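Welcome! Let us walk through a protein structure together, one question at a time.

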Amino acid sequence: MTDVTSLDTPPAADNVKGQLTAPIIHYSVAMPHPESHLFEVTLRVQGWSEPVLDLKMPVWTPGSYLVREYARHLQDFRSLSGARALPWRKQSKNHWQIDTNSVSDITVFYRIFANELTVRTNHLDSTHGYFNPAALCFFVPGFERNCYSVTIVPPQPQWRTVTTLPPVSGQDMTFAAADFDTLVDSPFEIGCHDAYDFEVMGKPHQLVVWGQGNLEPDRAIRDIQKVIEVEAEMFGGLPYDRYVFLLHLSGSGFGGLEHKDSCTLNYSRFGFRAKDKYERFIQLVAHEFFHLWNVKRIRPKALEVFDYENENYTTSLWFCEGTTSYYDLVVPFRAGIYNVKGYFQNLAKEITRLQATPGRNVQPASESSWDAWIKLYRRDANSDNSQISYYLKGEVVSLLLDLLIRAKHGNARSLDDVMRLMWQQFGGFSAENEDFDQKSETEAKPARLTSNGKLNSHSLSAEIGFTPEQLQSAIESVAEMDLSDFFARYVDGTEELPYDKYLQPFGLQILVDETDASPRLGWMLGAENGRQMVKFVEAGSPAQLAGIDAGDELLAIAGFRVNAEQASERLKDYRPGDTLEVTVFHQDELRTCSVTLAGPRPGRYSIVPVDRPTAIQKQNFTGWLGVPLSNL
């Protein structure tokens, strides 16, 4: 797997900064007072030969498309050579510059505040330490391809370390990354977590759990194994030697972040007993695991080489995240986690969410992808009016593409074939490595740093980033048809998705639930510190036309006090076209607004069989899902 000798001799340059000698770059991460939430980081750079050392910290981490300004958590920066302080200055928000005066051995000390428990940040307390290297480590510009090594110094001897980086031979709690990209892609979990080992297709896996809750590890592992097997069968094997699932059990968290050989999951600690909540957890697992192909190895050209200091723009996140979201519903069904009724219930929930978002008529999926950096993670009161999630729209578009391909080819082809083609063309797969999953190592072996400072390991052919045009071409080649009109309407445009057109060949149709005939104001309400607040006002709705804003406090409807839960029930006493008074506090000013009620909108969409399906429709349905249409 790897071949490393020592950390003592500066390696020769590998086509970086001309003929400069490449330095040895080593981190020591300590946490002597974990209750302070401060990681104490020591960076040692050996073999430096320039008068200035530049250090830069990433502003984002791959897989989470928002500039998070990790440097804002850094404090107590110092630079030394031996006991002598070296002068330094900040050049920008994430750029430190040290005057080395040709000193070859430089030590940098700093602290990172870590009290944000998400999958993309750092968290340290008296029970554990977790960090993403992008949020904790500098890179040395020009030497990103050098090996970076990390030594963990736990606060207590019983704390253990989990990471997918290989341990360095002969050096306790020290791990080596072949380059900075690999370091960023390898989170660390340190503490007294529970670790469960299991095997799938002859390869070792581990579920690492921090936190208390009602998770049943044996049940979860059985279902995770099924997810792995389904996805591995789809792509023809597992492209790693070992895989780790890091699971943080939190009060009410939810999220996941993919890595090449691991993923980090954050889930509500008591979210495993209820059937729907447990299935949502398995969908999260399926989503992040699917990413080890789609995104980590099959990725857009814009993400082929990461720029850690700036936004990396692409219009293809609808495919990276949306198609992955489609499969996070498909895979648990194929794995037997839920039946065909459960699968369609989940699909219907997503369609309902999409149709309930006015922004679908404003922002195309490709534009949503491009603007992820400034919109998706920065929601405001107008977000639902002006934007659509590339996760959600991409998921439903992927469903339509799958149905389109299946209908044209009688289920002989599907979106699965698109994913396999993308894997072959862009993901590092090659014919000579087709059985790589059988040949690769099954255990992580100690790393040895070679004299040139590199970590040598078996690898597949190089990954190649795809362009939007190449993605469309791959889908068209599987479908064997020109999809320019489809992309113009539904990926790059905002036309309503024609669900029935693509469902009909499979004996299905959309059923709109219109049983709730309550008139509509076009707002969303919620309780906040005992007050009844307007959370969202739909553009062009009766509420907006009457001057009601998100952030207003609701006091009364038609002169009677009402709370958020009672409001919809109160409106049932009226009809569309009726005018009534709504009393609110608007920026602490008492206002009474006259509102003319509009007609109701569908509250829920479901997918149901058509009346009297034909034999061909039944055949198509069974060919798609493997069960009779009558099972729905």
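Below are a few questions and answers about the helices and sheets of this model.

This is a predicted model, in which local features need pLDDT of at least 70 and side-chain atom pairs count only at pLDDT 80 or more, while totals for chains, interfaces and linings use all residues. Residues are numbered from 1 along each chain as its sequence is written, and side-chain values use heavy atoms, with hydrogens and water left out.

Q: How far apart are the end C-alpha atoms of helix α5?
A: Helices here are DSSP runs of H or I with at least four residues, strands are runs of E with at least two, and both are numbered from the N terminus. The expected span of a helix is 1.5 Å times one less than its number of residues. Helix α5 covers residues 340–355, so its 16 residues should span 22 Å, and this agrees with the distance between its end C-alpha atoms, 22 Å.

Q: How many residues of α5 are buried?
A: Buried means under 20% relative accessible area, with exposed over 50% and partly exposed in between (1.4 Å probe, protein chains only). Among the buried residues of α5 are Tyr343, Phe344 and Leu347. The helix is mostly covered, and of its 16 residues the number buried is 12.

Q: Which strands stand at the edges of the sheet of 7 strands?
A: Two strands pair if DSSP finds at least two bridges between them. The sheet is open, with mixed pairing and the order β5-β4-β8-β2-β1-β11-β13. Each edge strand has a single partner, so one side of each is left without a neighbour in the sheet; these strands are β5 (84–85) and β13 (174–177).

Q: Which residue stands opposite Arg89 in β7?
A: Strand β6 (residues 88–92) and β7 pair in the antiparallel sense over 4 bridges. A hairpin of 2 residues joins β6 to β7. Opposite Arg89 stands Gln97.

Q: Which residues of β7 are buried on the side facing away from His95, Gln97 and Asp99?
A: Strand β7 (residues 95–99) is mostly covered, with 5 of its 5 residues buried. Both faces are covered: His95, Gln97 and Asp99 lie on one side, and on the other are Trp96 and Ile98.

Q: Which strands does helix α2 lie across?
A: An open sheet of 5 strands has the order β15-β16-β17-β19-β18. Helix α2 (residues 217–235) runs at about 35° to β15, where axes are lines fitted to C-alpha atoms, for helices over the stretch in contact (heavy atoms within 4.5 Å), and angles run from 0 to 180 degrees between N-to-C directions. The strands that α2 lies across are β15, β16 and β17.
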